[in-house]
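Welcome! Have a look at the model below, and then let us walk through a few of its features together.

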Amino acid sequence: MSALGAVEEAAAAGPLFRPLGAEDGEQQPAEIESLCMNCYRNGVTRLLLTRVPFFKEIIVSSFACESCSWSNTEIQAAGRIQEQGVRYTLAVAARQDMNREVVKTDCATIRIPELDFEIPAFTQKGVLTTIEGIIDRAVAGLEQDQPVRRATDEEVARKIDEFIGKLKQLKEVHSSFTFIIDDPSGNSFVENPHAPQKDEALVVVHYKRTPQQAAMLGLGAEETNEMPADSVEDLRNEVLQFNTNCPECNAPANTNMKLVQIPHFKEVVIMATNCDSCGHRTNEVKSGGAIEPQGTRITLRITDPSDMTRDVLKSETCSVEIPELDFELGMGALGGKFTTLEGLLKDIKELVERNPFSLGDSSTPSKMEKLQEFSRKLLDIIEGKTKAHFVMDDPAGNSYLQNVYAPEDDPELQVERYERTFEQNEELGLNDMKTEGYEAAAVSER
């Protein structure tokens, strides 16, 4: 029998949703034969459409398999997502409070601040239980992998055992604690045993969902019209995502983009793409501002291994030089990068070693020797064994090397501003760019 047929048959016998706690003769669940995902044999799913007093309708489903004895229960809200989210805060002060019924949906978060304990949204299925049942379920989840942890990491296992003991002590209510359930869908519930009177120990707050919570529930598109336009500050705190294709395998992939403010410099745009199909990863940095009036030449004298931890922003218009190695990396190579000095030098080393003319049949012994010598010297610089100069020359002025003494001057760092040549302006496309009086010029040409 299908799920729809079973529900229709149950509904034919009376009201579709019956009050929770009704007599067994009045509240018969619909039974459906379904596949057990543990042993892949047939089991039985029971569906009960019920109504929680002073709340709303829910669907309780329970699965049991006679072959392997595996069982599972969960609940789903039978109504729609509510207009507002809801937060229940209960001060648990007596043993009978542990018996309060709780409806927890998939998207609800549970917190016990006294233990700094949290069950995040979408980590558990929805459930109809009690506060004691919530704690028992958390204890069972923590104990599940303890035998493996004791064999691999005794210290972690010991700390988890201590925390499990604290959770079990909560059930005895030797001291009061706070139980919070926060559900942006508005479909979770904590029982008020004094209903319809007010429960002094229970605080219920309804709130407007944030854009992030709405997107989590799949409501972002529906609520966009109600939200004001995002400010620049909101964009700085948000990671934007758009669809693209992987440059390696052309499979659909996602690119994440975020605005980042670099201290003592300017704002940049960091973009990262990760392909789930082939595992290819790429990241790129774009300047968030205009081309500077002057070019920038940054020279760092590498004297200590700690210099490798300096932040580096290399724009795609920046060239890199290491005079001691007679090495120069041209504009556009490696693209834009925001990394550390060590990370950039390792990328340069990898780029040189992947040169197709120095590999396979194209290589010669002399080329291989030069390549190995270069790699060895560059590795000595990275490990701090050799002192060297690291030079970044960016005609657009959009590159940056961290000054660890900021806002004071760095004795090992020299920053020069210079006027660009005609050729450099030509490469940046500035010679033919007109930003003032272009409207009048266009009219006169007509």
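A residue is called buried when its relative accessible area is under 20%, exposed when it is over 50%, and partly exposed in between, using a 1.4 Å probe and protein chains only. T45 has a relative accessible area of 16%, so T45 is buried. This is a predicted model, in which local features need pLDDT of at least 70 and side-chain atom pairs count only at pLDDT 80 or more, while totals for chains, interfaces and linings use all residues. Residues are numbered from 1 along each chain as its sequence is written, and side-chain values use heavy atoms, with hydrogens and water left out.

Let us stay with T45 for a moment. T45 sits in strand β3, residues 42–51; strands are DSSP runs of E with at least two residues, helices are runs of H or I with at least four, and both are numbered from the N terminus. With residues up to four places away in sequence set aside, T45 touches A30, E31, I32, S34, S62 and F63, where contact means heavy atoms within 4.5 Å.

Rings of Phe, Tyr and Trp (its six-membered ring) pair if their centres lie within 6.5 Å; planes under 30 degrees apart count as stacked, over 60 as edge-to-face and the rest as tilted.

| Pair | Centre to centre | Angle between planes | Class |
|---|---|---|---|
| F63 and W70 | 5.9 Å | 55° | tilted |
| F327 and F374 | 5.2 Å | 40° | tilted |

F327 lies in strand β21 (residues 327–329) and F374 in helix α9 (residues 365–382), so to speak distant parts of the chain, 47 residues apart. F327 is buried at 14% relative accessible area, and F374 is buried at 12%. In the other pair, F63 is buried at 9%, whereas W70 is partly exposed at 36%.

Now for a sheet. Five strands form an open sheet in the order β9-β8-β11-β6-β13, with antiparallel pairing; two strands pair if DSSP finds at least two bridges between them. Its edge strands, β9 (117–119) and β13 (202–207), each pair on one side only. Strand β8 (residues 109–112) runs antiparallel to β9 and is joined to it by three bridges, and R111 stands opposite E118 in β9.

Finally, a word on confidence: pLDDT is the predictor's confidence in each residue, from 0 to 100. The protein chain averages a pLDDT of 81, and 82% of the residues score at least 70. Over residues 221–229 the pLDDT is below 50.
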